[in-house]
Amino acid sequence: MDWLDALILGIVQGLAEYLPISSSGHLVIFREILGLKLQGDDALQFDVILHAATVLSTIVILWPMFWKLCKSFFTFSRDDDFWYVVKILVSCIPIAIVGFCFKDIVESVFVGNLTIVGICLLATACLLTFAHYSDRLMNGKMKSASRGRDITFADAITIGVAQAVAVLPGLSRSGTTIATGILIGDKRDKVASFSFLMVIIPIVGESLLSIKDILQGEATGQTPVSSTCLLIGFLAAFVVGCIACKWMLNLVKKGKLVWFAVYCLVVGILCLVW
């Protein structure tokens with residue numbers, strides 16, 4: 001991997017983490033296009049860096065809300081913000097189960113498979129389309145992003161299950177969770193913020209587990225990705241992630257996700273015929 005490869009993959013991660021087009025699927029696609037065969041500690045180390053960058057961009061863009069939630073939760077305020085954090089924790093239960101029990105199976109069977117990516121991108125396209133027209137059918141032609149209800153504990157579990165299913169490469173995590181929230185009747189603006197905040201804990205947890213694996217693999221003699229590539233990948237993912245996060249929040253409020261369904265449809269078909 002050279003610095004240009006790292007820059008491209010960082011940009012892809014920053015965009016695809018927030019836009020409903022699947023970051024894991026697009027990383028597989030672009031690694032194939034660039035002819036990169038990262039394995040073992042190399043792939044693990046680079047992925048940890050990219051995910052850390054997008055977590056940081058989420059915190060930066062949603063900082064006022066993030067700080068208020070942290071302050072309320074860690075001071076046990078028992079107010080709406082406190083229970084909002086509890087809902088986020090509840091939503092992480094399904095993906096925690098998948099991560100601890102099925103992580104190796106998912107990585108060995110699905111990761112790196114362009115056919116699986118293509119099928120999952122088509123599923124993402126269908127889900128986004130269904131959510132868009134269901135939203136229009138239930139609410140007419142009203143444009144308000146605040147229509148619907150606030151997220152309940154039952155909604156948090158449902159959205160959490162959607163996030164767990166979205167570990168499949170090509171099935172967009174943000175697209176799946178936001179579309180699920182819209183389908184069950186949550187406010188578009190609320191579910192977008194919830195979707196971006198709920199992923200912080202799983203990514204941090206996965207990163208810590210990955211760091212443990214990297215440390216355990218130090219004795220294998222593998223050559224790590226250069227520090228320059230790691231830095232370029234991190235900065236690219238962070239800067240683009242900040243832009244994409246803000247853009248996505250506005251797109252969800254305006255109900256414009258259906259256009260990404262067209263993109264996922266086209267790319268999904270291309271993956272299947274590659």
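Buried, in these notes, means under 20% relative accessible area, exposed is over 50%, and partly exposed lies in between (1.4 Å probe, protein chains only). I'm working on a predicted model, where local features need pLDDT of at least 70, side-chain atom pairs count only at pLDDT 80 or more, and totals for chains, interfaces and linings use all residues. Residues are numbered from 1 along each chain as its sequence is written, and side-chain values use heavy atoms, with hydrogens and water left out.

**Aromatic pairs**

I looked up ring pairs next: rings of Phe, Tyr and Trp (its six-membered ring) pair if their centres lie within 6.5 Å, with planes under 30 degrees apart counted as stacked, over 60 as edge-to-face and the rest as tilted. That rule gives 10 aromatic pairs. One of them joins Tyr84 and Phe194, edge-to-face at 5.6 Å centre to centre and 85 degrees between the planes. Tyr84 is in helix α5 (residues 80-91) and Phe194 in helix α10 (residues 188-198), so this pair ties together parts 110 residues apart in sequence. Helices here are DSSP runs (H or I, at least four residues), numbered from the N terminus. Tyr84 and Phe194 are both buried.

I then checked Trp247 and Phe260, whose ring centres are 6.3 Å apart with planes at 70 degrees, so that pair is edge-to-face as well. Trp247 is partly exposed at 42% relative accessibility, while Phe260 is buried at 13%.

**Charges over rings**

My cut-off: NZ of Lys or CZ of Arg within 6 Å of the ring centre and within 35 degrees of the ring normal. Arg78 lies over the face of Phe82, 5.0 Å from the ring centre. Lys87 has its charged end over the ring of Phe153, 5.7 Å from the centre. Phe82 and Phe153 both belong to one aromatic cluster, along with Phe73, Phe74, Phe76 and Trp83.

**Cores**

I took a nonpolar core as a set of buried Ala, Val, Leu, Ile, Met, Phe, Trp, Tyr and Cys residues joined through side-chain atoms within 4.5 Å. The largest has 51 residues, and Ile178, Phe194, Leu197 and Met248 touch the most other members. A second, separate core of 12 residues includes Val12, Leu36, Phe46 and Val225.

**Ser174**

Ser174 is buried, at 0% relative accessible area. Its side chain reaches the backbone oxygen of Tyr18 at 2.9 Å. Leaving aside neighbours within four places in sequence, Ser174 is in contact (heavy atoms within 4.5 Å) with residues including Glu17, Tyr18 and Phe196.

Conventions
Polar contact = N/O pair within 3.5 Å; in protein donor to acceptor, adjacent residues only side chain to side chain. Helix = DSSP H or I, 4+ residues; strand = E, 2+ residues; numbered from the N terminus.
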